[in-house]
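Morning, everyone. Please bring up the structure, and we will walk through strands, cores and rings.

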Amino acid sequence: MTTRLAEFPVPYSTDKPPGFLLEPFRWATPRLIAIVRDQPGYLPDLIDLSHTRMHLIGVALGHLQTDPGTDLAEILFRGPAETLLEFSVGRQPPGLKRAVRIMPNYMMEAESYRALVRLLDEPQAARFFHHAPEIRDSTIRAMSGVPVELRSALFCLQENIVDMSSFSEGLRHIARRSGRLTFDGLVAELARARQPQQLVARLKSFVDTLPLPDALPPARVHHATRIDSGRQLRELGKKWGNCLESYVWNVEHGQCAIYLWRHAGFQAACSVTRSGRLGWFLDQIKGPENADVTPSEEETIQAAFRAAGILPESVIGSIAQIVALDGLPRRRRRHLARVRGLPVRDEITLPDPA
């Protein structure tokens, strides 16, 4: 006698998180668990789910703000791709069929699916996605955040840059530091460059004209005090069992500043580094023994440093990578991209949506 898997009840405990087999579904995991718990007949469909179907479900759930009822499971797991998209998005976005084939082996963020559908309606963005070797959250964030006027030249550099998601925020920082440019004005000046190499050179020329930052960041930032003494850094490093001693040379040569944050019994060491003319940026926040701080603690500290004009280093991450490309030959640029850790593309042939 053959017993169908769906005949068994689906146990689910809210007291512990889902197992690692459901990790690829990320934010959609609770909704999928609820479906198979209430309608166990779809459990075999979940187990047999293909890579393509997973992303189609991500597109659908990313667009459905409310649960439409019991018919959802039938459409998600068994409905034709066209029906699934019409049901959730209201249409069939051009280029989506090819896009889902080069997405990662896990669900992207819900906003990434919504942004991708919007971008596929833009001819320039659609052409980029048509030729992209892979599509990830960072790819979509970068494309969404980059001004339209710069996309054509900038995204020819994608193979050389790990992540362009902070590009626009970095441009805003350059405009503020210049004291004479607005963000829109800077974009208009950069848009005059038609070729990727021209864009890199023009961007570097703007960075080269920025005023030099102060020799040192402020001595105090809210609850944080700058430690200038090498002896104090060594003593604190020994007491906390971390690598603060290794920062002494950088501190004494004006390349780095270490702050000790103390408030309400909480302590953390904050490293602030200088990135040339771009200024001083908050690099790391660590507790004793290099322990990570909680997200709320990190947010509080970052807000305090922002108020003092010291932004997180991630703000200029994309700009720093682009500027570093100036003057390098094409072959060398590709080598830099590899050693910086570009993700390896999955060589997988995916079936058409079922």
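Start at the strands. I227 stands opposite I258 in β3. Helices (H or I, at least four residues) and strands (E, at least two) are DSSP runs, numbered from the N terminus. Before going on, the ground rules. This is a predicted model, where local features need pLDDT of at least 70 and side-chain atom pairs count only at pLDDT 80 or more, while totals for chains, interfaces and linings use all residues. Residues are numbered from 1 along each chain as its sequence is written, and side-chain values use heavy atoms, with hydrogens and water left out.

Back to the strands. β2 and β3 pair in the antiparallel sense, over four bridges. Strands pair if DSSP finds at least two bridges between them. Strand β1 (residues 220-221) and strand β2 (residues 224-227) also run antiparallel, joined by two bridges. There, V221 has A224 in β2 as its bridge partner. Two residues separate β1 and β2 in this hairpin. In the turn, H222 has a positive phi of about 55°.

Now the cores. A nonpolar core is a set of buried Ala, Val, Leu, Ile, Met, Phe, Trp, Tyr and Cys residues joined through side-chain atoms within 4.5 Å. Buried means under 20% relative accessible area, exposed over 50%, partly exposed in between (1.4 Å probe, protein chains only). Which residues touch the most other members of the largest core? They are F77, F129, L154, F167, L171 and L203, out of 79 residues. Helix α3 (residues 51-63) gives the largest share of this core, six residues. A second, separate core has 17 residues, including A224, A257, I285 and F305.

Last, the rings. The structure holds three aromatic pairs. Rings of Phe, Tyr and Trp (its six-membered ring) pair if their centres lie within 6.5 Å; planes under 30 degrees apart count as stacked, over 60 as edge-to-face and the rest as tilted. Y42 and F77 are stacked, at 5.9 Å centre to centre and 25° between the planes. Y42 lies in the loop between α1 (29-38) and α2 (43-47) and F77 in helix α4 (residues 71-78), so this pair ties together parts 35 residues apart in sequence. Both Y42 and F77 are buried.

Next, Y259 and F305. Their ring centres are 5.3 Å apart with planes at 90°, so the pair is edge-to-face. Y259 sits in strand β3 (residues 256-263) and F305 in helix α16 (residues 295-307), 46 residues apart. Y259 and F305 are buried.
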